[in-house]
Amino acid sequence: MSILVLTYSNKAANELSERLAANNPTAAAAMWIGTFHAFGLDIVRRFHDKLGLPPDPRLVDRSEAIELLEDELPRLPLRHYRNLWDPALDLSDMLHAISRAKDEVIDAARYRTLAQAMADNAGHDEEAAMRAEKCLEVALLFETYERLMAAGHLIDFGDLVALPVRLVETDAEVRAALKARHQHVLVDEYQDVNRASVRLLRAIVGDGRNLWVVGDARQSIYRFRGASATNMAHFAVDFPGAQVRQLGVNYRSGREVIEVFTAFSGAMKASAGALPLQLTADRGVLNARPEFRVVRSTEDEISAVAAVIQEQQEAGIPYRRQALLCASNARLSDIAEGLEARGIPVLHLGSLFERPEIKDLLALLSMLTDPYAVGLVRAVTMSAHEMPLQEVMQIIGHLRENKAAALDWRQAGAELPSLATESQTALSRVADLFTGLNPMGNPWTILTMWVIDRLGLAKTLHLARDPRSRMKGLALWQFLNFCRRQPSGAGIPSVRLLDRIRRLVLLSEDRGLRQLPGVAEGIDAVRLMTIHGSKGLEFDIVHIPGMVTSGLPRNNMAPRCVPPDGLIHGSQGLTGLEAIKTGHDEEEECLFFVALSRARDRLFLYASSVQADGKVRNPSKFIPAINHLLVHPANPAQRSGAARPATTVGITWEEKPVWTENQVNLFERCPRRFLYTHVLKLGGRRTETAFMKMHNVVSDLFDWLKTVHETTTPSDSELSFRFEEAWQAKGAADHGYAEDYRRIGRRLIDYLIETRSNGVRSPVAPLSLGWAEGDILVKPDSVARGERGQVVVGRVKTGKPRSNAFDDIEYTILHLAAVQAYGGQAQVEVTYLTSETTEPMSISAKKLETRRQKVQNIVQRVRSGDFPLQAEARACPRCPSFFICGELPDGAVTIKKL
DNA sequence: TTATACCCTCTGAAA
DNA sequence: GAGGGTATAA
């Protein structure tokens, strides 16, 4: 006799087990409690021989799957998913689509059939034909993936349920064995169960006489990962003869809170097929109506939240019983920082690798192998290791001049007697951390030694019992745990670790590390979490900021890789894209419903009314349905906090600075990166893909052409020789598919030569744009006469054009310089080697003017040393300064010459 | 009413 | 990089 209890999450399973063990140990002993995936793994292990797998097949996560496929990508005949700059990005998108297919128990062969059907039905509809083509490309990758997984006897998360489904549906023996084992089956949160899980369930319970499920269609917030919208509505179809009962008593919330989410449920699409919400409030009326507080800016919003949290804490509701819920992690991090600055303790890890105490360690770790010890810029901001910026620059400059080797920096003090005594001490203290270490050391051992022993962080943080220190302690614990479990492989261990961290952040695969360990429960701090994360939990007070347009509901972001038509169960008559889009609005409503219903006693909603550029921001469109139930304080209280740290650097320029248009372009993307790269000249190691290396070779060769063959054309043999030389030095010569890259690179060069052979070339003079605070020097790649006699200034790019490429500020600069030098008729032209096209630059007068002002503004800001941080999820993990970015050492610097 | 410019934002479980 | 919102110009 056994009862099978299936849940959607591990957390829920553990909680259930614990409670049951405490209340009814006998019943608990008769139960198998776990997730669908755990159950699936159990089946896979038990019947591994029937599946053709070893007894304990290895499970790979997405980042390992990407590594598995990365080398294959250039070989596959793909047209749409061919971002070779960063193959991991396209692979990640396609793997999402593949795991979505597995949620529907669809294999590569079936995927291809669906995609082929799309192609066959496209007819003369070009857009439909393109959608089909993309799906066919995913099918191809899917087939490759299946082949590689089978060859290595590997399985992924999707397989954990999909493989058992196929087995159970086709094998009567397996079915009978499972049926005999589980007389009763209970399923929690049925609305979040995906199609594969329903099929597994159906095969085991048959008509469902012994099946009992609980779910709420209004809390269906995991549709994007395969929870089928139709599961709840189709329950009676999937299990004929089902009886449906409604829960009528709410034991959690006061009546005022229940009234709000009941009112909202009336406006929800998910209510259409569900029973109307009719709940009695077990706790009755609490005399605390939910509030909606509207303030001016988003900063004010944080101040308003802080004020309410503090007020409630003083009224007797401890921080730990209050929660702040947000739709997105990015916004959550912002708010966490803001609340901490206002003296409110928060329980929030955020992105582990963006935390200052972790970045400190990563910067230190980079100094194990980086000969120029760029990590010093961050290391000397740690307490007891401080050194002024100017002296750090002196050390790094010295190492660079002397072509230092790894760890040479430890002796730099002796070589630089002019260094202040305090700096000598600071440097030797940093060097002490590296005593006895060598670059091939195990990063985990090294980091642990720093944290526990040499930096003494573990002790300091343990003794300080304030919430902030405890959060730091937890972050370090989490980080060290992560470092301990690293996949094995060749190369320098610390470099591999740092590269892996960049990749995890880039692909947002570091999410698992945001989870707080159980020991955090006891910390008295406000719980900050995403609404998804709050599922199944409850809090005395719930704060929901960001109730503005496109805050919640968020804008519909279709995945970059859309499933083929007919893949999603219950979406007949819709295209794959439509099936996903219709789900979005509904899911956002559910998200709000979940957030509202987390509150026991009180609910506070917040919004800002003005955005950064001064434009009005309207309240969320979810508000009208509940507005009549909300209190609207006239002038909500605000609790202000410490100002954000200044981001200006005192710089003395010995000469008037001169920049290039590319450098200005970089400032626009990230001022801080500009500071590190072009002012402090830190350089730093970049991880380059084979494709990037190929482009570097092309750029190298182009530079050579411009200097040696400015007005001539090289012979074929000379060109081939130079190419070969550059390829050996800088190309991806040792890559598995080096030949493919070499061929592409060579084609780009050949095209470049073709374009150069049109017309006679003359030497190109640099053009200059000047301001009081600095100049911009522009060196065009070519200058020629156009058909109408106007001057055409040319620029060559190795890539292909983007739709809005001319919005980039570098083209404005090029245009302004060309017009200044050659008059109003001058024209800028850009040649793209990859697409083999040349496009005249065009920009509206209005855009040109705003960008001209922007350029001027940038030159002024650089001069005055204004380099704010500008965290950007996609750019930062690729930035050479990723691990050092943040707080700067004190003091001013003098820039002699750029 | 329509086109354009610019700003803001981008979730995540499963062994 | 793209979708969606707000404001402004046409």
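Predicted model: local features only at pLDDT ≥ 70, side-chain atom pairs only at ≥ 80, totals over all residues.
Residues are numbered from 1 along each chain as its sequence is written, chains are lettered from A in the order in which they are written, and side-chain values use heavy atoms, without hydrogens and water.

DNA strand B is surrounded by 34 residues, with Asn-10, Ser-328, Asn-329, Ala-612 and Ser-844 the closest; a residue is near a strand if one of its heavy atoms lies within 4 Å of it. By class, this surface has twelve nonpolar, twelve polar and ten charged residues (Ala, Val, Leu, Ile, Met, Phe, Trp, Tyr, Cys and Pro count as nonpolar, Asp, Glu, Lys and Arg as charged, the others as polar). Of the atoms of DNA strand B within 4 Å of the protein, 59% belong to sugar or phosphate and the rest to bases. Phosphate oxygens of DNA strand B have polar side-chain atoms at 2.3 Å in Asn-329, at 2.6 Å in Ser-844 and at 2.8 Å in Thr-850. Elements that give two or more residues to this surface include helix 1 (10–23), helix 16 (329–341) and helix 34 (845–864). Helix 34 supplies the largest share, four residues; helices here are DSSP runs of H or I with at least four residues, and strands are runs of E with at least two.

Around DNA strand C lie Thr-549, Asn-555, Asn-556, Met-557, Lys-615, Val-616, Asn-618, Arg-802 and Arg-874. Two of these residues are nonpolar, four polar and three charged. For DNA strand C, 80% of the atoms within 4 Å of the protein belong to sugar or phosphate. The side chain of Asn-618 has an N or O atom 2.6 Å from a phosphate oxygen of DNA strand C, and that of Asn-555 has a polar atom 3.0 Å from a base nitrogen.

Turning to the rings, the model has 20 aromatic pairs (ring centres within 6.5 Å; planes under 30 degrees apart are stacked, over 60 edge-to-face, the rest tilted). Phe-667 and Phe-867 form an edge-to-face pair, because their centres are 6.1 Å apart and their planes at 65°. Phe-667 belongs to helix 28 (residues 661–669) and Phe-867 to the loop between helix 34 and strand 23 (893–895), 200 residues apart. Both Phe-667 and Phe-867 are buried, that is, under 20% relative accessible area with a 1.4 Å probe, protein chains only.

Note on methods. Polar contact = N/O pair within 3.5 Å; in protein donor to acceptor, adjacent residues only side chain to side chain. Phe/Tyr/Trp six-rings, centres within 6.5 Å; stacked < 30°, edge-to-face > 60°. Buried < 20%, exposed > 50% of the residue type's maximum accessible area, 1.4 Å probe, protein only.
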